[in-house]
Each structure stands twice: as structure tokens, then as C-alpha cells.
Amino acid sequence: MVEKLTGAARELALATLNGWDAIDGRDAIGKSFRFRNFNTAWGFMTQVALQAEKLDHHPEWSNVYGTVDILLTTHECDGLSTRDIALAQFIDKVAPQ
């Protein structure tokens with residue numbers, strides 16, 4: 001079973017991320033990414049999808065042309081977990097700066 005991040009562990013984990021925001025009304029984090037075109041956005045999504053499969057943890061996301069919006073939460077524990085942090089850290093590494 002995956003455990004929900006709380007207290008100091010949650011704050012420490014969130015401090016390792018770059019620009020992820022809390023989502024109102026949910027125990028989740030989100031971030032929006034902008035790309036120059038659809039192909040670049042799709043390539044980024046492909047990288048994230050392959051990592052998500054490896055982690056067996058999948059984002060809630062949407063794509064419109066060059067914009068990718070990602071929301072991370074763990075349904076098993078109804079909130080933020082280390083799985084979300086790990087995927088967010090990977091996303092931050094592969095996202096263009």
C-alpha cells in the first residue's frame with residue numbers, strides 16, 4: 001500500500017520540485033508546460049509516459065497544441081505520495097527550461 005505524504009515529509013518532498021503548485025480542492029500538485037509546437041509537446045509526453053509505465057504511476061494530463069497540463073496525485077492513498085514526487089522530479093528533468 002502506498003502511504004500519503006504528510007507533515008514534514010510532505011514539505012521536504014515538495015521542496016525538491018520546481019514550480020509545481022497545489023491544486024485547490026484536491027491533495028494533488030500540478031504544472032503547465034509550454035512548447036513551441038505540437039510535435040515537441042508530444043515528444044515530451046512520450047518521455048513522461050514511458051517513465052510513468054516504469055513507475056506504474058500515471059499522470060492526469062491534457063494537451064492542446066503546445067501546452068501540456070499535468071496533475072499528479074495517488075488514487076491508492078487519496079493524496080500526494082512519494083510516487084508523485086518521483087514522477088514530478090523526472091518531469092522536471094526532461095522538461096525544457
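## Exercises on a predicted model

A search of the whole structure finds four aromatic pairs. The model is a predicted one. The exercises below start from one of these pairs.

**Exercise 1. Classify the ring pair of Phe 33 and Phe 44: stacked, edge-to-face or tilted?**

Step 1. A pair of aromatic rings is described by the distance of the centres and the angle of the planes.

Step 2. Take the distance. The ring centres of Phe 33 and Phe 44 are 5.0 Å apart. The cut-off for a pair is 6.5 Å.

Step 3. Take the angle. Stacked needs under 30 degrees, and edge-to-face needs over 60. The planes of Phe 33 and Phe 44 stand at 45 degrees, so the pair is tilted.

Step 4. Phe 33 lies in strand E2 and Phe 44 in helix H2, eleven residues apart, so the pair links distant parts of the chain. Both residues are buried.

**Exercise 2. Which elements supply at least two residues each to the largest nonpolar core?**

Step 1. Start with the core itself. The largest nonpolar core has 21 residues. Those with the most contacts inside it are Trp 20, Phe 33, Phe 44, Ile 70, Leu 72 and Ile 91.

Step 2. Assign the elements. Strands E2 (29–34) and E4 (67–72) each supply at least two core residues, and so do helices H2 (38–55) and H3 (82–94). H2 gives the most, with five residues.

Step 3. Check one member. Leaving aside neighbours within four places in sequence, Phe 44 is in contact with Phe 33, Phe 35, Val 68, Ile 70, Ile 91, Val 94 and Ala 95.

**Exercise 3. In what sense does E4 pair with E2, and in what sense with E3?**

Step 1. Take E2. E2 and E4 pair in the antiparallel sense over six bridges. Ser 32 stands opposite Asp 69 in E4.

Step 2. Take E3, residues 60–64. E3 and E4 also pair in the antiparallel sense, over five bridges. Here Ser 62 has Asp 69 as its bridge partner in E4.

Step 3. Look at the turn. The hairpin of E3 and E4 has two residues between the strands. In this hairpin, Tyr 65 takes a positive phi near 50 degrees.

**Exercise 4. Which residues do salt bridges that share partners join into one network?**

Step 1. Count the salt bridges. The structure holds five.

Step 2. Follow Asp 27, which sits in the loop between E1 and E2. Asp 27 bridges to Lys 4, with the closest N and O atoms 3.5 Å apart. Lys 4 is in the segment before helix H1 (7–14), 23 residues from Asp 27. Asp 27 also bridges to Arg 10, at 2.7 Å between the closest N and O atoms. Arg 10 is in helix H1, 17 residues from Asp 27.

Step 3. Compare burial. Asp 27 and Arg 10 are buried. Lys 4 has 39% relative accessibility, so it counts as partly exposed.

Step 4. Glu 76 bridges to Arg 83, with the closest N and O atoms 3.0 Å apart. Arg 83 is at 29% relative accessibility and therefore counts as partly exposed.

Step 5. Join the shared partners. The network consists of Lys 4, Arg 10 and Asp 27.

**Exercise 5. Is Ile 23 buried or partly exposed?**

Step 1. Locate Ile 23. The residue is in the loop between strand E1 (21–22) and E2.

Step 2. Apply the cut-off. Buried means under 20%. Ile 23 has 26% relative accessibility, so it counts as partly exposed.

Terms used
Residues numbered from 1 in each chain as written. Predicted model: local features only at pLDDT ≥ 70, side-chain atom pairs only at ≥ 80, totals over all residues. Heavy atoms only, no water. Core = buried A, V, L, I, M, F, W, Y, C linked by side-chain atoms within 4.5 Å. Buried < 20%, exposed > 50% of the residue type's maximum accessible area, 1.4 Å probe, protein only. Helix = DSSP H or I, 4+ residues; strand = E, 2+ residues; numbered from the N terminus. Contact = heavy atoms within 4.5 Å. Pairing = 2+ DSSP bridges. Phe/Tyr/Trp six-rings, centres within 6.5 Å; stacked < 30°, edge-to-face > 60°. Salt bridge = Lys/Arg side-chain N within 4 Å of Asp/Glu carboxyl O.
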